[in-house]
Amino acid sequence: MKNWFYLLLLTLLMGYTINAQQNIHFNQDNQYREALELFQKEKYGSAKKIFTDLVSSSDATKSIQLTYSEYYLALCAIYLFNEDAPILVTQFERNNPESPLKGYLSFEMAKFHYNKKEYQKAVQYFKQTDISKITKQQKHEYYFKLGYSYFILDSTDIARLAFFEIKDIETQYTSPALYYYSHILYSQKNYASAAAGFLRLKNDETFGHIVPYYITQCLFFQEKYDELIEYAEPIIDSLSDSRQAEIAKLIGESYYMKGKYSLAIPYLERYQKKGKEFVQQDAYQLGYCYYYTKEFEKAIPLFEKASMSNTSLGQNALNLLADCFLKKGDKNKARMAFSGASKMEYDLTIKENALFNLAIVTYELSYSPFNDAIKSFNEYLTLYPASPRSDIAYNYLTQAYMITKNYKDAIATIEKIKNKDNSIKKAYQKIAFFRGLELVNETRYHEALIHFEKSIQYSDFDRQYKTRCKFWLGEVNARLNNDKEAVLHLNEFILMPGAISTEEFNTAHYSLGYLNFNIKNYADANTCFRKFISINKENYILQSDAYNRLGDGYFMNKEYEEAINNYKKSYEIGKSNKDYALFQQAFSIGLLGKHEEKIVLLNKLLTENSTSSYADDAVFETGRSSFILNKNRQAEMNYLKVIKDFPKSSYVLKSYVQLGLLYYNEDRNEEALKAYKFVVKEFPGSQEARNSLIGIKNIYVEMGDVDSYIAFTDGLGQYANVSLSEQDSLMYQSAENLYMQGNCSKAQEQFSKYIEKFSNGGFVINSYFYRGDCYSQTGNLEKAVSDFNYVIEQSRSIFTEQALVGAAKLSYKNKNYQAAVNYYARLEENAELPANKLEARMGLLRCYYELKEYNNIPVVGKRILFTDKLPVELEKEARMTMAKSYYEDKRFILALEEFKTLSNNVVTVEGAESKYRIAEIYFNQNDLEKSEKEIFEFIDMNSPHQFWLAKSFLLLSDIYTIKKDAFQASQTLKSIIDYYDNKTDGIYDTAKQKLESINEKSADKNIVPAAEEVELKF
């Protein structure tokens, strides 16, 4: 065929040339004739060599022979697909610009580039071809290859025109031309014309297996569903497997569009099994068919797949998916689906309904790790305030607030409900009462009264809350000093039916007793307090206080014996104002003239509690009774405080020596010095003078002014000389007194002077310790550790233990953990005080963790756990540190034991983290079921620590991802994104990244299947 084609071309060219050059004589030599014969025999390589020689021959002249030699030389290169073909063609065109042979070469070069799939270059040469000079068959080839080149180059409009020229002519190119022509019409959505073209090819050997798909597509896009079904159903089984799947899809979709869902199912299932791409649209359609036919179990995975896109289709799929889950009784998954649908804006009706249903399902599940139910109802009411379902939403929101004990917002919510039914009114009564109690605890008494009154408005629903409100109206009025009104409310409360069964009843008489006492109705007050004591057998604090008030009532009525008995009972219980009871008992006894007994009781008070708020009273009364009993020294000692509070007291002038002592004890040093110096100067050498000198010395030492004391004694004579040892002691005592007074800056200086002057003094260790403590308090930590270390390295003393405590704590604070370990280890070994031993062990535990010495932590941790009366918070810390050390050391079985112990109480942060860690360990061990179980338990435990809850949600999404449950994984992440409030701790960003990854993996890669390409041999 090829030889014939080229011989025909040669003949045509020769004929054309002869006609054009009738008078030209050809004088061909043997070389030219040989080359031409070789060319005609398609021996283009040999022919090319001779034509090359002819063209390059030095005696060649411008002649027709040369022109033809150049022409054939270029043709040989073209047919041989030589790389120099374009060059030779260009040379011919340059040397023969007017030659008609140029058009033929352009056609051949177009085919040359076409065959090499260089379609852009092929088009350029096709455009240079003079089609009027080529044969009819060549024109057919011209139009097809030109059209195909434009088709490949996406110039489909031009390609369509080229194919149009030959699509209706019977040639070897007709079928492919018609195919691509129809394909272009199809791509341009001219489905009717495209279908007509494809129908002509239904029996074509090359394209017959392809066109049913196009015909079916065209009918589908024209919405000719009945015609499609009539055409496609009879032929589907005769097609290839891949085409069967595609046609099955279109038949199924046609039945779907006609609402014949049961008929659509087998075809859509067929496509699902055999199709290359089962995309979200396909999943939705088959899922909807199952949903319509009530096959919800089959519909669920398909809707899940269809929901994995933020599209209108995805929103519809989520809404239907939620309904499927509800019908299957899985409210938790329904909640997830409603949540997803409620966040999309494509169908606002679906959005509203989904949000409403989300809130209800969340409430019914009691599922609010991030206050989800409340947030959902609030969002619904904010977005749809005029909704006819707003009252229902408010009702649910109220109940949600009740569950979470958010009474303040619950009140605000209920008051927005226009039509309150009885259930709302009943809830309002209860919520208003508890809100009142909250306000009482916040000391917002006026607001509390308002809420108790609100509660009483609906008293018909629960009489008990009305009764309790009466009590609190009395109690709050009492705190507002509205005593008479308070008495009325409380008396009414006591007489109300059911009052005795309320928790407030036991304290009502107590409150009434106080109120009557305040209005000086002592007889009624005593009656109330006696009643309270008779019915209250467990609250010892209030019982003790009630006895005091009974005593006060009798005291005010001058019934001192009864007063004393009640004060004594209060003191014996010892749970409330014990000092007051003892003082009042002593005072009442004094009124009966029993001063010795009075003094004993007052001294007992001072002995038991020298810092009692009644100490001044006790000292005064002791002085007074001592004076009556002529016990002047005891009186003088006790009147020290009288002098401070009553400077005009007659007792001040009785004894300068005792006044000096009294002033010294009260730190009134200037007055004391005047008294002592008067005695010393006026009575030199006397015992009183010596005692006064001791008093003067003590005062100067306390003031840190030893030099003034030495100067004072120098002029008094030999008896007042101070020895060097005394100076050692005095200088230390001076510094110590400053330290005890909390004057660290001056104490540091004095201790430093002492250490410098008495480096071997008797108080060097003391001075180093106290100075170290002062350095610690003033922030000079290195010097503090140095001083403590000096004490530690000396022989054991009373300061060794505390120096170890100080050095260890400061080393830990400076993050010098290894040094701290050394100090804590010595402390644990040497500590005599149990508190310091525990301090050492806790310090070791913390240091080992910081140093990542995980093997040492369990050893010291167990010693901590065996400590008697170990505080709960230290037990939690020890167990948590042990658990973390096991975890870091990959000893997961031991870590689980400790985490499980802590995880029982997720209200604590240690418990919340432990619950998460347990799930994490199971996850890392690939025990996904246990991990998931732990997470759901954590959610149900209602922990306030949302960080660890959110971490658990991230872990749960990973579990679902591994299980290839993209729907639940994505919805779990969305719950974090939608409801987790903290956007800065990394949880929110991690959730978004994970969700984006899931969405990317779940997205459809090819929404519409591509048409099959056909390999053409032209």
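At roughly what angle do the axes of helix 44 and helix 45 cross? The answer is roughly 155 degrees, and the axes of helix 44 (residues 800-813) and helix 45 (residues 817-830) come within 8 Å. This is a predicted model, in which local features need pLDDT of at least 70 and side-chain atom pairs count only at pLDDT 80 or more, while totals for chains, interfaces and linings use all residues. Residues are numbered from 1 along each chain as its sequence is written, and side-chain values use heavy atoms, with hydrogens and water left out.

**The chain as a whole**
- The chain has 54 helices and 0 strands; helices (H or I, at least four residues) and strands (E, at least two) are DSSP runs, numbered from the N terminus.
- Of the 1018 residues in the chain, 51% are buried, meaning under 20% relative accessible area with a 1.4 Å probe and protein chains only.
- Among contacts (heavy atoms within 4.5 Å) between residues at least 6 apart in sequence, 53% join residues at least 24 apart.

**Helix 44 with helix 45**
- Helix 44 and helix 45 are therefore roughly antiparallel to each other, a label for angles over 145 degrees; axes are lines fitted to C-alpha atoms, for helices over the stretch in contact, and angles run from 0 to 180 degrees between N-to-C directions.
- Residues making the contact include Leu804, Val805 and Tyr812 of helix 44, and Tyr823, Tyr824 and Leu827 of helix 45.
- By class, this contact has 11 nonpolar, 2 polar and 3 charged residues (Ala, Val, Leu, Ile, Met, Phe, Trp, Tyr, Cys and Pro count as nonpolar, Asp, Glu, Lys and Arg as charged, and the others, Gly among them, as polar).

**Helix 10 with helix 12**
- Helix 10 (residues 174-187) packs against helix 12 (residues 211-221) at about 25 degrees, and their axes are 11 Å apart.
- The two, helix 10 and helix 12, are therefore roughly parallel, the label for angles under 35 degrees.
- Tyr179, His183 and Tyr186 of helix 10 meet Tyr214, Gln217, Cys218 and Phe221 of helix 12.
- Here the contact divides into 5 nonpolar, 2 polar and no charged residues.

**Helix 8**
- The 17 residues of helix 8 (residues 136-152) should span 24 Å at 1.5 Å a residue, and its end C-alpha atoms are 25 Å apart, which agrees; the expected span is 1.5 Å times one less than the number of residues.
- Helix 8 is mostly covered, with 13 of its 17 residues buried.
- Aspartate 154, which follows helix 8, has a positive phi near 65 degrees.

Conventions. Parallel < 35°, antiparallel > 145°, perpendicular 65-115°, else oblique. Buried < 20%, exposed > 50% of the residue type's maximum accessible area, 1.4 Å probe, protein only.
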